[in-house]
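Good morning, everyone, and thank you for making time for this. Please bring up the model on your screens, and I will walk through a few places in it one after another.

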Amino acid sequence: MEMEMEMEMDMDIERRRDTHLMPSQDLTVDWRGRPSNPVAHGGMRAAAFVLGLQSFEIMAIAAVGNNLITYVINEMHFSLSKSANVVTNFVGTVFLLALLGGFLSDSYLGSFWTMLIFGFVELSGFILLSVQAHLPQLKPPQCNMVSEGDHCVEAKGIKALIFFVALYLVALGSGCVKPNMIAHGADQFTPQDPSQSKRLSTYFNAAYFAFSIGELIALTLVVWIQTHSGMDVGFGVSAAVMAMGLISLVGGIFYYRNKPPQGAIFIPILQVFVAAVLKRKQVCPSNPQMLHGSQTSNHKVALSSHSANLIPTQKFLDKACIKSQDGTTRESPWRLCTPTQVEQVKILISVVPIFACTIIFNTILAQLQTFSVQQGSLMNTQLTKSFHIPPASLQSIPYIMLIFIVPLYDTFFVPFARKFTGHTSGISPLKRIGFGLFLSTFSMVSAAIMEKKRRDSAVNSNQTISIFWITPQFLIFGLSEMFTAVGLIEFFYKQSVKGMQAFLTAITYCSYSFGFYLSSLLVSMVNKITSSSTNGGWLHDNNLNKDRLDLFYWLLAALSFLNFLNYLFWSSWFQDPPSLSQKLQQDNLHHEENSHLQQQFFKEQC
C-alpha cells in the first residue's frame, strides 16, 4: 500500500508538470480574461468578424502583390528577371514570416493581439508605399522600359531603400497576421462536439470563400484603380482597405473565444529529443504501463483528437519516456518526458512529407503572379472599344468561378459525400490535397500550349492574340487551389499539437514561401543551364517573344506530375484520423483497456 501511495504522489506531480507544460486544450477566455461562455462566445457569429479581416487583408495585399511586377518594372526600372525575383522573394517572405506570427501568438501574445499589432505594421507599409509612389523625388526619372530599356535608370540608394523598407513592412505585418486569422476563426469552434466539428469544416470553406471575394475585388476594382489612377492611389486604397479589416477584427472583441498563450511552445518538443538522445542506449520496457506518466489519464487532453490515449511504439523517441532503473530518483523534464509529449513530436514529424509535397504546387502559383501577367501584357487586352483588361486582373478569373463553386461545394457535395465516407468534411483533407495537386499539372500544360501559340503568332505572323487564350491555366489552377489550399489548412489545424494551432497553421503558409523561393531558384538555374555563347537562356531577355517561357512551363508540368506521384507515396503511409463515431468508440475502448491495465499493475505491485 505504501508503494501505491508513493505512485499516487508521483502521478500528482506529473499531472501538475503536464498542466504547466500543456494546459487544457478546451480552456478559452473572453476579452477580459474570464472563462468564456459557450452561449455568448464563439461560433460562426464570432468567426464572421475574423472572416471580414481575412477578406479585407487579402484584398489589400493581393492588389499590391499581383500588380507589383508592373510597378517594379515601370517605376523602379528593374529588369524582367530581377523584377520577377523581387515579387517572388516578397511573397515568399510574407509566408515565411507566418512562422514568426504563429510562434508569437501561441507563446506570448495570443491570436487577437498578434493580429491587431501586426495589422498596424502592415498598414504602415501600405502608407509608405503610397507616399513613395506619389512623390517623384523618391523614384527614378520616368522612362519607358519597353522602348528605352537600356537607357532607363534603375532605382538605387535611398530610393531603393525606401521601397524595400515599405515592401517588407507589408511582408512582416501580413506574414504575422495570416496564420492567426485562420487559427483564431477556427478556435471559435469545438472540434470534439460533432455539430461544432461540422461547422468547423464549413468555416474552412467559408474562409476560402472570403479569400476569393477579397482576391476578386483586388484583382478587378483595385487593380483597375492602380492602372487608371496611378499606383500611389492604388497603394492608398490598399491602406484604406486594411484599416477596414482592423475595424472588423476589433468589432468582434466581445464575442471571441480566446485561447491563452502557452509559453515557450518549443520547450516540450526539445525536451523529447534531448531525453531520447540521453537515453538512446536504454531498452523500452515490455509493459507500456511502466513508461513515465502512462498511468495518468489527464495526458490525453494535450493530444489532438485522433491521437488521444495512444501509447508510444517501440521507436527511438519512446526512450524519452523510460524511467530511471532505480525508480526513486526524480528526473528532470529534460531527461524524462511523458507519452503525450512523445506522441506530439511524432505528429509533427509525420506531417513534414505532406507539407513538402505542396512546395512545387506553390512554385506554379508563383508563375501565375509573374510571368503569366507579362504574357497578358503582350496580348490583345481589349474587351470593348473603350475598355482594356489590366493583365494583372487575369488572376481574378478563377475567383469569379470560385465564389460560385465554394458555396455549392459546401452546401451540396460535402453533405452528399459525408453519407458515404462518414467524414465531417465529406472527403478527408488528404484526398482533397491530392486531387488539387493532380489538377495543378494540367494548369502548366495549358500554360505551355498557350504560350507556344502566343509566341508563334507574334513572331511568325506578327499577330497579337486575345488575352482570353490564357484563361484556362488560371481556371484550372483556381480549382486546384480550392482543393489543395483548404485541404492543407484543415489537415494541419486538425493535427494540431496542444498549444500550437497558430504555429502549425503558419507551417502551411511556409509551403507558399518555399514555393516562391524555389521559383526564383528555378529561374536562375534554367537561365544558367540553357544559356550558351549565342543565347542567354530561356528566360534571359526582357522580351517574352525572344524567351522560351513555353519550355519553362513544360518543365514545371513535369515537376508537378512527379510531385503528385511523390505525394501518393507519402499520403499512403499516413493514417487519416477516424470519423466522429469511430473516435467515440475508440475513446471508450481505450478507457476500458487503460482501467484494466491499471488495476492489474496495482495488483502486481501490492
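Let me begin on the surface, where Phe435, Phe438, Phe442, Phe561, Leu562, Leu565 and Leu568 form a nonpolar patch whose accessible area is, taken together, about 630 Å². Please keep in mind throughout that what we are looking at is a predicted model. Which helices supply residues to this patch? At least two residues come from H16 and at least two from helix H19, which covers 549–573, and it is H19 that gives the most, with 4 residues.

Let me now step back to the whole chain. The protein chain has 20 helices and 0 strands, and of its 606 residues, 55% are buried. If we take the contacts between residues at least 6 apart in sequence, 83% of them join residues that are at least 24 apart. The accessible surface of the chain comes to about 26100 Å², and carbon and sulfur atoms account for 64% of that.

Is Asn462 buried or exposed? Its relative accessibility is 68%, which is over 50%, and therefore Asn462 counts as exposed. Its phi is near 55°, a positive value in a residue other than glycine.

Further along we reach Thr471, in helix H17, which spans residues 471–494. Here the relative accessibility is 13%, under the 20% limit, so Thr471 counts as buried. Thr471 and Ala447 are 24 residues apart in sequence, while their C-alpha atoms are 9.0 Å apart in space.

My last stop is helix H5, residues 98–109, which has 12 residues but whose end C-alpha atoms are only 14 Å apart, short of the 16 Å that a straight helix would reach at 1.5 Å a residue. Its buried residues are Ala98, Gly101, Gly102, Leu104, Ser105, Asp106 and Ser107, and what covers them includes helix H4 (80–96), helix H6 (111–134), helix H7 (157–186) and helix H18 (501–530). Just after H5 comes Gly110, which takes a positive phi of about 85°.

Key
Residues numbered from 1 in each chain as written. Predicted model: local features only at pLDDT ≥ 70, side-chain atom pairs only at ≥ 80, totals over all residues. Heavy atoms only, no water. Buried < 20%, exposed > 50% of the residue type's maximum accessible area, 1.4 Å probe, protein only. Contact = heavy atoms within 4.5 Å. Areas by Shrake-Rupley, 256 points an atom, 1.4 Å probe, with all protein chains shown as cover. Patch = residues over 30% accessible without salt bridge, like charges linked within 9 Å, V, L, I, M, F, W, Y side chains within 5 Å. Salt bridge = Lys/Arg side-chain N within 4 Å of Asp/Glu carboxyl O. Expected span 1.5 Å × (residues − 1).
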